[in-house]
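Hi,

Here's the structure I said I'd pass along. Have a look, and my notes follow below.

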Amino acid sequence: MKAIISALCLSGFVLLSASSGAGATTCSARNAYCKSFCAKTYKSTGSRCTVECADAFPVCMQTGCWNTKMSNKCGYTKS
């Protein structure tokens, strides 16, 4: 039973990590990932998605937290 619970926790962690910016550890890397995601998904540089990236970046540089509708994670290095 412990092994099953551990496996479920680990798989949840892996899924969460994969969805949080492909291993981005800095605000700049998270911003680049965000812009890339928008370009691939929406095929438009003027999309709301791109605006959210632009809005989230300065906040991340101040707080270390990336806050958008799709992601809310802290712990990014302010660079």
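On helix 3 (48–63), the buried residues are Cys-49, Glu-52, Cys-53, Ala-56 and Cys-60, where buried means under 20% relative accessible area with a 1.4 Å probe, protein chains only. They pack against helix 2 and strand 1 (65–67), counting contacts as heavy atoms within 4.5 Å. Helices (H or I, at least four residues) and strands (E, at least two) are DSSP runs, numbered from the N terminus.

This is a predicted model, so to speak of local features I needed pLDDT of at least 70, and 80 or more for side-chain atom pairs, while totals for chains, interfaces and linings use all residues. Residues are numbered from 1 along each chain as its sequence is written, and side-chain values use heavy atoms, leaving out hydrogens and water.

The length of helix 3 checks out: at 1.5 Å a residue its 16 residues should span 22 Å, and its end C-alpha atoms are 22 Å apart (the expected span is 1.5 Å times one less than the number of residues). Just after helix 3, Gly-64 has a positive phi of about 85°.

Cheers

Methods. Buried < 20%, exposed > 50% of the residue type's maximum accessible area, 1.4 Å probe, protein only.
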